[in-house]
Amino acid sequence: MAAKVMTITSGKGGVGKTTATANLSVALALLGHRVAAVDADIGLRNLDVVMGLENRIVYDIVDVAEGHCRLRQALIRDKRVPDLFLLPAAQTRDKTAVSPEDMIELCDQMRNDFDFILIDSPAGIEQGFRNAIAPADKVLIITTPEVSAVRDADRIIGLIEAEEKGPASLIINRIKPEMVRYGDMLNTADVLEILAIDLVGIVPDDKAIIVSTNKGVPIVLDNKAPAGLAFHNIARRLLGEEIPFLDIREEPNLLERFVRFIRQG
Amino acid sequence: MTRVRIKGTRDGLLVTLGEGELARALAELEERLNGTASFFKGAWVALAVGKRELSTEEIGRIKALLAQNEVVLGMVIGEAPATRAAARNLGLETKRSLQPGPRPGWRTEGEFSEGALFRCTLRSGQIIRHPGHVVVIGDVNAGSEVIAGGDIVIWGRLSGTVHAGATGDDQAIVCALDLDPTQLRIGKHIARPPEQTPDRRPVPEMAFVQDGRIIVRAWKYSF
């Protein structure tokens with residue numbers, strides 16, 4: 001079976017592309033699929049750190065593209081889950097070290113050995129982004145409920161439509177239910193109204209993410225964290241299952257409405 | 001007195017040189033082009049000269065003037081045969097009069113002008129530039145732009161920047177089902193919307209220029 005290539009991108013930096021790539025890769029592998037996670041953020045590689053595989057890198061994506069090693073040699077196996085591999089980015093080079101054609105070629109080489117290839121896109125709309133979406137069969141846009149992140153996501157969706165890579169799906173990350181309830185943050189409906197694309201998941205803000213990122217243990221491996229559950233659900237939706245969205249209470253209850261009324265008063 | 005009129009059509013711009021001394025009309029044309037250069041950029045232009053007789057050299061000068069402002073002269077419309085012959089010498093299309101021939105299957109009474117219809121969500125970074133009227137069925141998101149020579153109608157939410165009457169037409173209007181633009185321009189007027197309460201209920205509105213200011217009113221079916 002030929003792999004499905006999915007690129008995770010956002011436009012804006014720091015909204016959770018790398019965390020989402022790591023967690024969705026692990027979640028899909030836990031569900032029994034053969035998964036390759038590819039870090040396309042050449043020069044600012046992070047995916048290896050978040051996945052806790054940094055100390056095992058020998059070769060990277062640029063070595064493969066330039067023919068210094070074979071693809072097999074650069075792929076790092078994650079021993080915590082069956083059939084999960086990482087193709088790390090180079091840290092000492094920049095985005096121009098790889099072309100969109102190289103990325104398509106690389107993914108084509110991997111297609112027969114994997115069910116899913118997840119590409120972690122760099123921030124921005126320049127060559128790194130172009131590299132990351134060139135081989136994509138499906139694009140996942142990640143945003144946070146902030147006006148600036150949503151604006152960038154909108155721009156990215158336009159670019160993806162222009163490249164005929166659409167329709168993209170949306171992940172809304174880092175929702176703070178109490179802020180939404182007080183009207184201090186955009187809610188899911190606000191974001192969807194602006195972006196008008198399919199929602200594939202909402203991830204609540206979760207302090208455990210920071211701990212997991214620092215430790216290099218993706219949060220989906222911790223079955224108590226709400227964010228981990230959210231990523232599990234997204235992985236299953238990507239496989240075509242119908243899973244209801246997490247109950248992140250966004251509407252204020254009576255007391256909160258009263259408090260808000262007094263505050264505005 | 002205005003000697004030069006610039007109007008958007010479906011194909012491009014129509015520049016009409018009125019009566020009077022050619023040099024003065026050209027000076028005015030140059031001024032108008034400078035004022036709105038970015039809008040005109042790359043446009044195809046038909047030049048209507050009326051009864052005026054122009055030589056090949058004079059048309060060449062106008063063509064060069066337009067080229068300086070990055071617009072392309074493509075056609076000369078004039079009643080004098082000498083003018084049309086001169087234009088043909090420069091490889092330009094010619095027409096005798098402005099009257100567009102009746103289109104088969106069209107029935108029009110009174111004045112009408114041409115526009116373009118877009119059915120899409122206009123996203124941040126995307127831009128629609130059209131010399132005539134523009135109708136968008138869909139949302140115009142913040143960070144996008146619509147620039148039209150004529151009117152702009154958004155059948156959806158307008159959050160981006162729009163410029164109606166970009167050729168300098170203060171009579172142009174902007175309508176939207178939910179008029180909440182980042183910035184709204186009509187002709188040479190610019191307006192920012194007032195700070196709005198987040199809970200406002202969108203109503204269709206129309207913006208137009210009155211007494212030198214942009215005014216926004218509920219969009220009624222008659223005006």
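Biologist: Let's start with chain B. How many helices and strands are there in chain B?
Modeller: Keep in mind that this is a predicted model. In chain B, the secondary structure comes to 16 strands and four helices.

Biologist: Into which domains is chain B divided?
Modeller: The bounds come from an automatic or database domain assignment. They divide chain B into domain 1 (4-95) and domain 2 (115-218).

Biologist: How far apart do the C-alpha centres of domain 1 and domain 2 of chain B lie?
Modeller: The two domains of chain B do touch: twelve residues of domain 1 are in contact with eight residues of domain 2. Their C-alpha centres are separated by 29 Å.

Biologist: Which element gives the most to the side of domain 1 of chain B that touches domain 2 of chain B?
Modeller: On that side of domain 1, the elements giving two or more residues are strand S1 (4-8) and helix H1 (22-35) of chain B. With three residues, the one that gives the most is S1(B).

Biologist: And how do the residues on that side of domain 1 of chain B divide into nonpolar, polar and charged?
Modeller: Twelve residues of domain 1 of chain B are in contact with domain 2 of chain B. They divide into three charged, five polar and four nonpolar.

Biologist: Which residue with a positive phi follows H4(B)?
Modeller: Its phi is near 80°. The residue following H4(B) is Gly91(B).

Biologist: Is Glu70(B) buried, exposed or partly exposed?
Modeller: Glu70(B) lies in the loop between helix H3 (56-68) and strand S4 (72-78) of chain B. Its phi is positive, about 60°, although it is not a glycine. A residue is buried from 20 or more C-beta neighbours and exposed at 12 or fewer. Glu70(B) has 13 inside 10 Å, so it counts as partly exposed.

Biologist: Chain A has a positive phi too, at Arg174(A). Is Arg174(A) buried or exposed?
Modeller: Arg174(A) is not a glycine, and its phi is near 65°. Its place is in strand S7 (residues 169-175) of chain A. Because 21 C-beta neighbours lie inside 10 Å, Arg174(A) counts as buried.

Biologist: What is the radius of gyration of chain A, and what would a compact globule have?
Modeller: The C-alpha atoms of chain A fill a box of roughly 70 × 40 × 35 Å along the principal axes. For 265 residues, a compact globule would have a radius of gyration near 18 Å, which agrees with the value for chain A, 19 Å.

Biologist: Which residues have the most contacts inside the largest nonpolar core?
Modeller: Of the 265 residues in chain A, 50% are buried. The largest nonpolar core has 85 residues. Those with the most contacts inside it are Ile61(A), Ile117(A), Leu118(A) and Phe231(A).

Biologist: What does Phe231(A) touch, not counting residues up to four places away in sequence?
Modeller: Phe231(A) is among the residues with the most contacts inside the largest nonpolar core. Its partners are Asn23(A), Leu24(A), Ala27(A), Val203(A), Ile219(A) and Val220(A).

Biologist: One last thing: how many residues does the contact take from chain A and from chain B?
Modeller: The side of chain B that touches chain A divides into two nonpolar, two charged and six polar residues. The contact takes ten residues from chain B and, from chain A, eight residues.

Key:
Residues numbered from 1 in each chain as written. Chains lettered and ligands numbered in written order. Predicted model: local features only at pLDDT ≥ 70, side-chain atom pairs only at ≥ 80, totals over all residues. Contact = placed C-beta atoms within 7 Å. Nonpolar A, V, L, I, M, F, W, Y, C, P; charged D, E, K, R; others polar. Rg over C-alpha atoms; globule rule 2.2 N^0.38 Å. Core = buried A, V, L, I, M, F, W, Y, C linked by C-beta atoms within 7 Å.
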